[in-house]
Amino acid sequence: MAKIAVLPGDGIGTEIIEQALRVLRALELPLEIETAPVGGAAYEVHGHPLPESTLRLAMAADAVLFGAVGDWKYDKLERALRPEQAILGLRKHLGLFANFRPALCYGQLTHASSLKPELVDGLDILIIRELTGDIYFGQPRGRRTAVDGHFPGAEEAFDTMRYSKPEIERIAHVAFRAARQRSGGKGGKVTSVDKANVLETFQFWKDVVTEVHAQYPDVELEHMYVDNAAMQLVRAPKKFDVVVTGNMFGDILSDEAAMLTGSIGMLPSASLDANNKGLYEPSHGSAPDIAGRDLANPLATILSAAMMLRFTLQHAEAADRIESAVGDVLSAGLRTADIWSGGTTQVGTRAMGDAVVAAITKKSIRTKS
Ligand code: NAD
């Protein structure tokens, strides 16, 4: 029986994970589900955002379903104890180097996008972000002298950007293979995003990606500077197919791509290791501003559970059922506040979960027009 470690985390994390678990249960699959605290919730109990017991559970599981972590009240903690460090720790310990963020615009939501409907109608792009290298895993000098997470009296602080050749090679292979798979064997296109005109690390990135491309002659490769990519994503997003980039640029561009789809509340993500074991989570954070108010959109988390069933647990049919249930619910006009435009019935987190469960179990979805 497949084992899933469920880590709800903080803020809206617990609310959205609850709905994803209801959806998984409705599918009646043979899954063993165990929950553990992470982030601020774990810090409160164990004094650390990623306690040994949580890490052990995640490492022993076939897949991890993660909510979100963080709250501004932890901003004063030293960096190593802040909730967000749990995500970095999990990525590192589980060897999760490839982050997949599909930006897919549901036809029913083209009006919720901040762009004109014709720019996003039919949008289906995949952002692949390298997750375990780059400036986020460099050596911040300030860490040695920080007091309460800040640097009183300091004159400077810096972080170090670096990538090794094997790190770039493996993510480039992932991107070229994904482009091939998405195009149904026709090749597809990879846009490698860098800042080679200014940063040595990204000239190296560009050279290595070009070298790996020689093994995928059927896939088109283009290189684009990150500033141009940020612009093209809002000018003509459908020109992209697969975008591959480093950790920091990917962090920023995938949030930008999220808005093309209507709301960050719609965007699932997968972070995979070399054997397709993965951590699945919504692309958004813990949204402390709306936490505990039944306002959060649970669909990104529910769609992350679908990605988990497809990529790691080999239950593609069950994943299809979830994705088509989400489509049915949107077609029926149900919307959480963040995607309200074009809807007929505004619902909260739990009612959206109810509707997806009902669509899965083929009960009628109640709408009022
Ligand atoms: P956020 O993604 O939590 O929220 C940004 C905005 O989007 C907010 O207005 C929020 O209300 C809204 N939003 C987010 N998810 C939503 C949903 N499902 N439904 C409806 N609206 C939603 O980003 P932030 O405000 O910059 O960060 C809040 C906390 O989350 C911080 O502590 C940050 O470090 C943390 N964070 C965690 C993760 C993670 O756990 N993977 C990722 C990003 C940020």
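The briefing that follows takes the domains and then the glutamate.

This is a predicted model, in which local features need pLDDT of at least 70 and side-chain atom pairs count only at pLDDT 80 or more, while totals for chains, interfaces and linings use all residues. Residues are numbered from 1 along each chain as its sequence is written, and side-chain values use heavy atoms, with hydrogens and water left out.

**Domain contact**

- The protein chain is divided into domain 1 (1-97 + 273-369) and domain 2 (99-269), with bounds from an automatic or database domain assignment.
- The contact (heavy atoms within 4.5 Å) takes 31 residues from domain 1 and 29 residues from domain 2.
- Between them the two domains bury about 2,600 Å², 60% of it on carbon and sulfur atoms, where buried area is the accessible area (1.4 Å probe) that two parts lose on being put together, summed over both.
- Arg91, Phe97 and Ser283 supply 28% of the area that domain 1 buries against domain 2, more than any other three residues.

**Glu167**

- Glu167 is buried, with a relative accessible area of 12%, because buried means under 20% relative accessible area (1.4 Å probe, protein chains only).
- A polar atom of the Glu167 side chain lies 2.9 Å from the backbone nitrogen of Ser164.
- Apart from neighbours within four places in sequence, Glu167 is in contact with Glu130, Thr132, Gly133 and Arg162.

Notes:
Buried < 20%, exposed > 50% of the residue type's maximum accessible area, 1.4 Å probe, protein only. Polar contact = N/O pair within 3.5 Å; in protein donor to acceptor, adjacent residues only side chain to side chain.
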